[in-house]
Amino acid sequence: MSRSLSAEQAGRAAFRPPGPATADAAAKSTEPASRDTVASALSARRHAQVLTLALALGALALAACSGLVLGAVRIPPGEVIAYFAHPLGLGGSPESSTVAVLGDIRLPRLALSLVGGAALALAGAAMQGTFRNPLADPGVVGVSAGCAAGAAVATVAGVSLGALPGLGAVAASAFVGGLLASLFAYRFARYEGRTEVLTLILAGIAVNAIGLGVLGWMLYIADDAELRSLTGWLLGSFAGAHWRDVALVAALLAVGIVVLQPLARSLDALALGEREASDLGVPVERVRALAIAAASLLTAGTVAVAGSISFVGLVAPHIVRLAAGPGHRFLLPTSAVAGAALCGLADLAARTVALPQEVPIGVVTALVGGPFFLWLVRRARVRAVVVR
Amino acid sequence: MTNAMAAPLPAQAALEADGLVLALPGRLVLDGVSLALRPGRLTVVVGPNGAGKTSLVDLLAGIRTPDAGRITIGGRPLASYSPRQLARIRAVVRQRPPLPEGFLVAELVATGSGGVVDERVAAALERVGMAPYAERRVETLSGGELQLVDLARALVRATPILFLDEPTASLDPAHQHAVMTIARERVEDGATVLSVLHDLTLAARYADELVVLAGGRIVAHGAPDEVLSEQLLAQVWHYPLEVVRRGERIFIG
């Protein structure tokens, strides 16, 4: 019987059948310090969260700094500082080659890799929460395949919807293709005002197959130049990034955060199951529709300008979840930071490991992300068994 | 428990159901069930497997819509409550508690208090005797422990109506009594409580009213003492169950 409530209980009319109170007390004698246990559960979680966020921000800073210094041409840190400090009236002027490399090439590319990584990771975290499955990513509803099909049709058949403001024809077509694919999968799975998760996944598989079919057909009829350009796009690259690409993805990222962050509590409730979430007053259908829409936008935008980049949306939220728990209020923004850091570092590797050549970033994320993910899953398994 | 969460909604709520029908393909699950639940009363629903007990809870809690019949809470039709209002009026503890991977026990209970781990969470965990487990991950709990934690999650919501669907299914006898004692506490506080139970001795001991459901119909409804006869038990469960009375207590086996 709880100690702190016992005064209240004494004041209450006696329970009708006397006796059970003794059974209760015998069953589990609660330590008076139990409130401390609740407090310490909280503080342990908080510590893990602070540490995780600090590490993610540290990795982001590392990615940003090393990404500016390293590359085909190494720019000394002093020059990088001069590039940023000089316009503010501090220090000497940087060399003109520094201005050209940093300002025109490296800075927009770094910025795109960071906002793109953040967008992919945020989309992944949202989809995993919506589908109650740590393996879900926007590919589940066919976004990536739709993007690929759109890009292929624009490149090979020359069919495009005209450039959207700030987007080239291929990117615009990929963007629209990705959104159409996810919309189609979602509409298909919706029946009598409800979407069944399993139906949605099956619809996503079908949409994926259709998208890949279109892609395969286009690859088959493409000429050599088109093939080369499509292959490059499919493997993903931040090379040749423009500030307008950065602006697009950053704008989508802002929209994604604004839409998803208020859903964090609802996604937490959804983790208990759809019925339990409904019990708790969560409008499950609305939350799911919003989360899928936001994740599709984020993914389609990033993939449209940078091509397919696998694993970031899976690995970044997974690391954060393992380190700091499944609560979405923390998971969503921190996954975005971790995703930015991962993508920034992956792009750095893509630019530097095989100099003077580049490795497509999709190859880097897959070759490094795959084994890393395996190790992570294995380690989590072992710990789950050993600890406690 | 305070009812701070239920601010503009009534602190007490009666529930009336009239002529509820629920049909699944090829099967009539509920066939005209009428029932009134009142504040300060513990109604226990018993009945053989497949009698429609869980379906009845789903309808009364507004999770499923009946094919016919009407339900009012506090005089208002159930359908007129928004999901959020409904969440503040009633809580459901299920046979199979949720098991969200990675959650700490305190965090799971806090989903009942809008995600905030505060003294309400501590008090609810303490009430079910699970406070020492607050920082454990939910995957490490036994079935019985999980059921107690899920009860704490409902207590933290301090709703005027509480549904318990076999809340004692995975519990040892001492904890079965502990849980039913907590149910009675909510009742003494003025809550409207309905519990589904399989253990007839437990039902007889704690119920104010006993509802016997069989084949989707209410076959008996009244004080446990009046309802529980060997004749009725044999009719409903098709098994010669014995009723032993010792003083005020009734034992069935």
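Let's begin in a loop of chain A, the one between α15 and α16 (361-386), where Pro356(A) is found. This is a predicted model, and in it a cis peptide bond joins Leu355(A) and Pro356(A), with omega at about 5°. Most residues other than glycine have a negative phi, and most peptide bonds are trans. You will find Ala158(B) in the loop between α5 (143-155) and β7 of chain B.

The average pLDDT of chain A is 81, and 86% of the residues score at least 70. Among the elements of chain A, helix α15 (residues 328-352) has the highest mean pLDDT, 94, while helix α1 (residues 6-11) has the lowest, 38. Over residues 1-32 of chain A the pLDDT is below 50, and this stretch has 42 contacts in the model beyond near neighbours in sequence. Residues 384-388 of chain A also stay under 50, and there the model has three contacts beyond four places in sequence.

Now for a pair of helices in chain A. Two packed helices are described by the angle between their axes and the distance between the axes. For helix α6 (residues 143-157) of chain A and helix α13 (residues 284-306) of chain A, the axes come within 10 Å and cross at roughly 35°. The crossing of α6(A) and α13(A) is right-handed. On the α6(A) side, Val143(A), Ser144(A) and Cys147(A) meet a set of residues in α13(A), namely Ser296(A), Thr299(A), Ala300(A), Val303(A) and Ala304(A). Sorted by class, this contact has five nonpolar and three polar residues, and no charged ones.

Let's move to chain B. Its secondary structure comes to nine helices and twelve strands. The C-alpha atoms of chain B fill a box of roughly 50 × 40 × 35 Å along the principal axes. With 253 residues, a compact globule would have a radius of gyration near 18 Å, and chain B agrees with this because its own value is 18 Å.

Two open sheets in chain B deserve a walk-through. One has six strands in the order β6-β7-β8-β3-β9-β10 (chain B), with mixed pairing. At its edges stand β6 (90-93) and β10 (217-222) of chain B, each with a single partner strand, so one side of each is left without a neighbour in the sheet. On average, neighbouring strands of this sheet are turned by 15° against each other, direction ignored.

With strand β8 (residues 192-196) of chain B, β3(B) pairs in the parallel sense over four bridges, and Leu42(B) stands opposite Val193(B) in β8(B). β3(B) also pairs in the parallel sense with strand β9 (residues 209-214) of chain B, over four bridges; here Thr43(B) stands opposite Glu209(B). The pairing of β9(B) and β10(B) is antiparallel, over five bridges, with Leu210(B) opposite Gly222(B). These two strands form a hairpin with two residues between them, and Gly215(B) in the turn has a positive phi of about 55°. Lying across β3, β7 (161-165) and β8 of chain B is helix α6 (residues 173-188) of chain B, which runs at about 155° to β8(B).

The other open sheet has four strands in the order β2-β1-β4-β5 (chain B), with antiparallel pairing. Here β2 and β5 (76-77) of chain B stand at the edges with a single partner strand each, so one side of each is left without a neighbour in the sheet. Eight bridges join strand β1 (residues 15-24) of chain B to strand β2 (residues 27-37) of chain B. Among the facing residues, Glu16(B) stands opposite Ala36(B), and Leu15(B) has Leu37(B) as its bridge partner. The hairpin of β1(B) and β2(B) has two residues between the strands, and Gly26(B) takes a positive phi near 80°. β1(B) also pairs with strand β4 (residues 68-73) of chain B, antiparallel and over five bridges, where Ile71(B) is the bridge partner of Ala17(B). Finally, helix α1 (residues 53-60) of chain B lies across β1, β2 and β4 of chain B, at about 125° to β1(B).

Definitions and conventions. Residues numbered from 1 in each chain as written. Chains lettered and ligands numbered in written order. Predicted model: local features only at pLDDT ≥ 70, side-chain atom pairs only at ≥ 80, totals over all residues. Axes fitted to C-alpha atoms, helices over the stretch in contact; angles between N-to-C directions. Left-handed = near helix turned anticlockwise from the far one by under 90°. Contact = placed C-beta atoms within 7 Å. Nonpolar A, V, L, I, M, F, W, Y, C, P; charged D, E, K, R; others polar. pLDDT = per-residue confidence, 0-100. Pairing = 2+ DSSP bridges. Rg over C-alpha atoms; globule rule 2.2 N^0.38 Å.
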